[in-house]
Amino acid sequence: MVTLPSGASLTGDVEPSTPAVAVLMHGSTLGFTSLPAWMAPAPLRMQLFAAGIDRRSGSRIAVLRLRYPDRDLRSQFRGALRDTAAALAHIQQIAPRARIGLVGHSNGGRVALRLSADARIHAVAALAPWLLPSDRIKPRRGTPLLLMHGSLDFVTSPRLTAELAARLRHGGADVDYESVSGDNHFLLAQAAYWHSRVADFMTRHLVDD
């Protein structure tokens, strides 16, 4: 595990020869700060995606899990944005040729979408992203996006995700959007489906292209 200058933690192995990296980015940890860092529900939930990506890619994708410091509601998005930028710089320093994908849930999904304009990013999966009507997401042309949202999510807005997907498609972006019927914000009712869908998407765009 590496502690980044921003205070975030990054766990997982990357080598200079690593062809691709998937960074897993969790949502809010508000209310769970008394738990051990990696055992809070939000980072623990993202850990469950790691095995699927590793298995589906035949271990060609290095999976790194980013653990944000605990922050209040007002600062968690901008703080997570800085943390992720620090993680990308760390990865590039070790493996400058690696193709990087971002997998973000909730607040992590919002961060991933904001960073879809970054030239270092080759694929973005945003799961039940925490979006605001004022968000302006402008992905780099050619960067594939996967947007998924549970139809019964009452924490973040399925409607805003669907509207974003339609708006980006209209603008010519490469968007794969899906509403997962009957699931909620925690992605557990159909957990295996979420895991396989994300693993397929990351493998296809990071190492199979």
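Buried means under 20% relative accessible area, exposed over 50%, and partly exposed in between. The close-ups below come from a predicted model.

**View 1. Arg120 and Asp118 form a salt bridge.** The closest N and O atoms of the two residues are 2.8 Å apart. Arg120 has 22% relative accessibility, so Arg120 counts as partly exposed. By the rule used here, the structure has seven salt bridges.

**View 2. Asp135 and Arg110 meet through their side chains in a salt bridge.** The N to O distance is 2.9 Å. Asp135 belongs to the loop between E6 and E7, whereas Arg110 sits in helix H3, so the pair ties together parts that are 25 residues apart in sequence. Asp135 is buried, at 6% relative accessible area. Arg110, with 7% relative accessibility, also counts as buried.

**View 3. Asp176 and Arg197 are joined by a salt bridge.** Their closest N and O atoms lie 3.0 Å apart. Asp176 is part of strand E8 (residues 175-180) and Arg197 is part of helix H5 (residues 191-208), so this bridge ties together parts that are 21 residues apart in sequence. Arg197 counts as buried, at 18% relative accessibility. Glu178 joins Asp176 and Arg197 in one network, built from salt bridges that share partners.

**View 4. The largest nonpolar core contains 38 residues.** Val21, Val23, Met25, Leu66, Leu102, Val111 and Leu113 are the residues with the most contacts inside this core. Two or more core residues come from each of these elements: strands E3 (20-25), E4 (61-67), E5 (99-105), E6 (121-127) and E7 (145-150), and helices H2 (76-94), H3 (107-114) and H4 (158-170). Helix H2 gives the most, with seven residues. In soluble globular proteins, nonpolar side chains tend to be buried together.

**View 5. Leu113 is shown with the residues that it touches.** Leaving aside residues up to four places away in sequence, Leu113 touches Val124, Ala126, Pro129, Leu131, Ile137, Leu147 and Leu164. Leu113 is also among the residues with the most contacts inside the largest nonpolar core.

Note on methods:
Residues numbered from 1 in each chain as written. Predicted model: local features only at pLDDT ≥ 70, side-chain atom pairs only at ≥ 80, totals over all residues. Heavy atoms only, no water. Core = buried A, V, L, I, M, F, W, Y, C linked by side-chain atoms within 4.5 Å. Buried < 20%, exposed > 50% of the residue type's maximum accessible area, 1.4 Å probe, protein only. Helix = DSSP H or I, 4+ residues; strand = E, 2+ residues; numbered from the N terminus. Contact = heavy atoms within 4.5 Å. Salt bridge = Lys/Arg side-chain N within 4 Å of Asp/Glu carboxyl O.
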